Amino acid sequence: MIRVFDFLFALLGLAFGFPVLLMLALIGYFDTGSPIFRQERVGRFQKPFTLVKFRTMKVGTASVASHLASSSAITSFGNFLRRTKLDELPQLWNVLKGEMSLVGPRPGLFNQLELTEARAKRGVFDARPGITGLAQVSEIDMSTPELLAETDQKMIQSLTLGDYFKYIFMTVAGKGSGDRVKK
């Protein structure tokens, strides 16, 4: 049932949000010269997939978890995108393709070994990764891998349709600050 909602909301979001996506891409082009960011992430069953987002950091920034990146790499427009969570909108394409869900554990990088190990032990990779979830609205990010994996497991084991909509609503309403970036 959740996959049906994922597909429907992603399709509607991409169709009706197209003018906004186009405008953000255009502004991003003038900001960095390359508005779309693609990165290989750990997906369901630990299979790799290419996540797409709006670029928030300067081109050439090292491919590390946000909490390990320097805040000086974030552009002013990128700061706006992160604060408003608009940088996540292109991931609707990943949701439409079935690589992600709107709600699920945020996909990590393959070089985040501690997080990957902790999630593997807890069966987190049995679920599709998501744009948002319990950890995100609780302001738990990838800088605390054990707590994040534990929270992801808790969410997956108890996720109801009501929770699905609650996490989406909380994210749209601004709950959660996104991944931390060191100062």
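Reader: Leaving aside its neighbours within four places in sequence, which residues is Arg-119 in contact with?

Author: Contact means that heavy atoms lie within 4.5 Å. Once neighbours within four places in sequence are set aside, Arg-119 is in contact with Pro-105, Arg-106, Pro-107, Gly-108, Val-124, Phe-125, Leu-148, Ala-149 and Asp-152. Please note that this is a predicted model, in which local features need pLDDT of at least 70, side-chain atom pairs count only at pLDDT 80 or more, and totals for chains, interfaces and linings use all residues. Residues are numbered from 1 along each chain as its sequence is written, and side-chain values use heavy atoms, with hydrogens and water left out.

Reader: In which element does Arg-119 have its place, and is this residue buried or exposed?

Author: Helices (H or I, at least four residues) and strands (E, at least two) are DSSP runs, numbered from the N terminus. Arg-119 belongs to helix H5. A residue is buried under 20% relative accessible area, exposed over 50%, and partly exposed in between (1.4 Å probe, protein chains only). With a relative accessible area of 2%, Arg-119 is buried.

Reader: How many salt bridges does the structure hold?

Author: Side chains of opposite charge can pair when their charged atoms come close. A salt bridge requires a side-chain nitrogen of Lys or Arg within 4 Å of a carboxyl oxygen of Asp or Glu. The structure holds six of them. In one, the side chains of Asp-87 and Lys-53 meet at 3.5 Å, N to O. Asp-87 is in the loop between H3 and helix H4 (91–97), while Lys-53 is in strand E2 (residues 48–54); the pair links distant parts of the chain, 34 residues apart. Both Asp-87 and Lys-53 are buried. A network of salt bridges links Lys-53, Asp-87, Glu-88 and Arg-106.

Reader: Which residue forms a salt bridge with Glu-146?

Author: The partner is Arg-122, with the closest N and O atoms 3.2 Å apart. Glu-146 lies in helix H7 (residues 145–158) and Arg-122 in the loop between helix H5 (113–121) and strand E4 (130–132), so the pair ties together parts that are 24 residues apart in sequence. Glu-146 has 33% relative accessibility and therefore counts as partly exposed.

Reader: At roughly what angle do the axes of helix H1 and helix H8 cross?

Author: Axes are lines fitted to C-alpha atoms, for helices over the stretch in contact, and angles run from 0 to 180 degrees between N-to-C directions. The axes of H1 (residues 2–16) and H8 (residues 161–172) cross at roughly 30° and come within 11 Å. Angles under 35 degrees count as roughly parallel, over 145 as roughly antiparallel, 65 to 115 as roughly perpendicular and the rest as oblique. H1 and H8 are therefore roughly parallel to each other.

Reader: Which residues in H1 and H8 meet?

Author: Ile-2, Phe-5, Asp-6 and Phe-9 in H1 meet Leu-161, Tyr-164 and Phe-165 in H8. Here Ala, Val, Leu, Ile, Met, Phe, Trp, Tyr, Cys and Pro count as nonpolar, Asp, Glu, Lys and Arg as charged, and the others, Gly among them, as polar. The contact of H1 with H8 has six nonpolar, no polar and one charged residues.

Reader: What is the phi of Gln-46, and where does this residue lie?

Author: Phi of Gln-46 is near 60°, a positive value in a residue other than glycine. Gln-46 lies in the loop between strand E1 (36–42) and E2. Gln-46 is partly exposed, with a relative accessible area of 38%.
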